[in-house]
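Work through the exercises below with the sequence and the model at hand. Each task is followed by a solution in steps.

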Amino acid sequence: FNTFAGNATFEARQQQMARLVERIAAIPGVDGAVTQADGYSVAQVVVHPADRAGAQERAAFTIRTRYAAEGYFRLMDIPLVGGRDFMTADRQRDASSIIIGADLARKLWGGLDPVGRRLQYVAPVRDSSTLVVVGVVDDKAAGSSEAGNTLRIFVPWYYHTPVVLVRTRT
């Protein structure tokens, strides 16, 4: 299906996708459905000393960034080990919420709770901006082992896409 066709506004396409996902999720035998962006990007995260456990100077880390819609982690059986999943409010274009992998959380803050801490995110996905950690996911379940010990963050997916992930019982 094509959600990009016609002269529909961004908001109308978003609503169309939301209705489609709701209808797919309501089909008997379907456990859940979410929209999804294909691929990932690699970027840098700059962390200032005040936001790092025991740090004296700022540090930069190369990380893998993936987009995730609300409900993505539950659908893909990726457990949250801290904080919360993305919410509707996180889908705003100027939202600053991110969910990070547990390996990145340990690297940055040791045993401290990372929820509520801030990172400076450097393009290409967005202009440089300050992001706030709202959740932490299990790296093994999120697929970090596929590329060694890749550090990762998830940003809320707020665009429409013709890709829908569906989990069924059959």
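Buried means under 20% relative accessible area, exposed means over 50%, and partly exposed lies in between (1.4 Å probe, protein chains only). Helices (H or I, at least four residues) and strands (E, at least two) are DSSP runs, numbered from the N terminus. The model is predicted: local features need pLDDT of at least 70, side-chain atom pairs count only at pLDDT 80 or more, and totals for chains, interfaces and linings use all residues. Residues are numbered from 1 along each chain as its sequence is written, and side-chain values use heavy atoms, with hydrogens and water left out.

**Exercise 1.** State which residues of α3 are buried.

Solution. Helix α3 spans residues 102-109, and six of its eight residues are buried. These are Ala102, Asp103, Leu104, Ala105, Leu108 and Trp109. After α3 comes Gly110, with a positive phi near 55°.

**Exercise 2.** Find the strands that are joined to β5 and give their directions.

Solution. Two strands pair if DSSP finds at least two bridges between them. Strand β5 covers residues 97-101, and five of its five residues are buried. Ser97 has Val132 as its bridge partner in β7. With β8 (residues 152-156) there are two bridges, and the strands run antiparallel. Here Ile99 is partnered by Phe154 of β8.

**Exercise 3.** Count the salt bridges and describe the one between Asp103 and Arg106.

Solution. A salt bridge is a side-chain nitrogen of Lys or Arg within 4 Å of a carboxyl oxygen of Asp or Glu. By this rule the count is four. Asp103 and Arg106 meet at 2.4 Å, N to O. They are three residues apart in α3, so about one helical turn separates them.

**Exercise 4.** Describe the backbone and the salt bridge of Asp77.

Solution. Most residues other than glycine have a negative phi. Asp77 has a positive phi, near 55°. Asp77 sits in the loop between α2 (72-75) and β4 (80-83). Its side chain meets that of Arg167 in a salt bridge (3.5 Å, N to O). Arg167 lies in strand β9, so the pair ties together parts 90 residues apart in sequence. Arg167 is partly exposed at 32% relative accessibility, and Asp77 is exposed at 53%.
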